[in-house]
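These are my notebook entries on a single chain. I set out to look up its pocket, a few of its helices and strands, and its backbone exceptions.

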Amino acid sequence: MTKVALVIMDGAGYDSVVSECGYLEGAVTLGQARRWKMHTATPSLSGPMYETIHTGLWPHEHGIVSNEAVRRSSSSNIFSLARAAGKTTGAVAQEYFHRLYVDEAWDQLRSVEHQDENAHIQYARFYSMEGYGSINAVAPAEIDLCAQTTLLMERHAPDYMLLHTCSADTLGHTYGGDSKEYRRQIWHIDNALSRAIPVWRKLGYDIIVTADHGMTADHWHGGTTAAATEIPFYLFSDAMAPAETEELSQLGIAASVLALLGIEAPEGMREAFITPKK
Ligand SMILES: [Zn+2]
């Protein structure tokens, strides 16, 4: 049993991450991490994929089929199951996660800081996307999000900690998935993680770095192309997992995180591909 930190790099497709993320790829070369190619569910949209990652269900099953359909999650998910098992949860994430997993209306001026021991997400820092992307403003900066994550880890030691960055998605929509601006932003995430991951490992975390979906050259995602549906999955852990030559399904993330946390997956949730070392 371990603590798990899950990093979702919004909109970061497989090819761009492998080509730009020198820290993550170096960790793979050195055997500190393993990396697989992963396939998303569809539609390859953010809200639906956040819920798929956390429930192990297709959008057609959990009901969040569109960004315009984001509402409180009605399925068993990593946060609710971790809480039911007496675990501690935390998140640094965009507002959609508040709408999905916090049973309160989003308050623009107050919800950025969240602490409620009885909620599914107990300790969180949320951000909105208002204004980002409109005048080339990107963000929040990855290193600041990593800092908030570290703060919550050191203060509350969440058994499950989510970090969600949005900047690659914003740049992808602005400049396209085959642009230098998009690739540069993915490198910025890697550059921030290079300083955070060693600290989080020392704090006792197994770490997963993945994405919700990729980005097409048409500045979009939602469909079935490789650019939209092929994402990376990095694992910093000594847990057992398939050979890295295998291609994984995003549907298996939820049960895999639960397996690392020592929690049994509920019926309907797709099977785990990770087994903790005994
Ligand atoms: Zn997007």
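**Entry 1: H219.** I began with the accessibility of H219, and at 27% relative accessibility H219 counts as partly exposed. The coordinates come from a predicted model, so I treat every value here as computed from a prediction. I then looked up the backbone of H219: phi is positive, about 65 degrees, although the residue is not a glycine. H219 sits in the loop between β7 (205–210) and α10 (226–229). For context, most residues other than glycine have a negative phi.

**Entry 2: A157.** I found a positive phi at A157 as well, about 45 degrees, and A157 is not a glycine either. A157 follows α7 and lies in the loop between α7 and β6 (160–165). I noted a relative accessible area of 33% for A157, which makes it partly exposed.

**Entry 3: P43.** I looked up the peptide bond between T42 and P43 and recorded it as cis, with omega about 0 degrees. I placed P43 in the loop between β2 (34–39) and α3. Most peptide bonds are trans.

**Entry 4: helix α7.** I went back to the helix that precedes A157. Helix α7 covers residues 142–156, 15 residues in total, and spans 21 Å from its first C-alpha to its last, close to the 21 Å expected. Which residues of α7 are buried? I listed E142, L145, C146, T149, T150, L152 and M153. Seen down the axis of α7, these buried residues fall within an arc of 165 degrees, so they line one face of the helix. An α-helix has 3.6 residues a turn, so residues three or four places apart point the same way. On the face turned away from the buried side of α7, I noted E154 and R155 as exposed.

**Entry 5: helix α2.** I repeated the exercise for α2 (residues 22–29), where L24, E25, A27 and V28 are buried. Their arc, seen down the axis of α2, is within 155 degrees, so these residues also line one face of their helix. G22 and T29 are exposed on the other side of α2.

**Entry 6: strand β5.** I checked how well β5 (residues 123–127) is covered, and five of its five residues are buried. Y123, R125 and Y127 point one way from β5, while A124 and F126 point the other way. I then looked up the partners of β5. β3 (residues 89–94) pairs with β5 in the parallel sense over five bridges, and Q94 has Y127 as its bridge partner. β4 (residues 113–115) pairs with β5 in the antiparallel sense over three bridges, and H114 has A124 as its bridge partner.

**Entry 7: largest pocket.** I recorded a volume of about 340 Å³ for the largest pocket. Its lining holds 19 residues, and S46, N67, M129, D169 and H173 lie nearest its centre.

Methods. Residues are numbered from 1 along each chain as its sequence is written. This is a predicted model: local features need pLDDT of at least 70, side-chain atom pairs count only at pLDDT 80 or more; totals for chains, interfaces and linings use all residues. Side-chain values use heavy atoms; hydrogens and water are left out. On a 1 Å grid over the protein atoms alone, a cavity is a set of points where a 1.4 Å probe fits but cannot get out, and a pocket is an open set with protein on both sides within 12 Å along at least five of seven lines; lining residues have an atom within 4 Å of a point. Grid points are joined across faces, edges and corners, and a volume is the space filled by probe spheres set on the points. Helices (H or I, at least four residues) and strands (E, at least two) are DSSP runs, numbered from the N terminus. The expected span of a helix is 1.5 Å times one less than its number of residues. Buried means under 20% relative accessible area, exposed over 50%, partly exposed in between (1.4 Å probe, protein chains only). The arc is that of the directions from the helix axis to the C-beta atoms. Two strands pair if DSSP finds at least two bridges between them.
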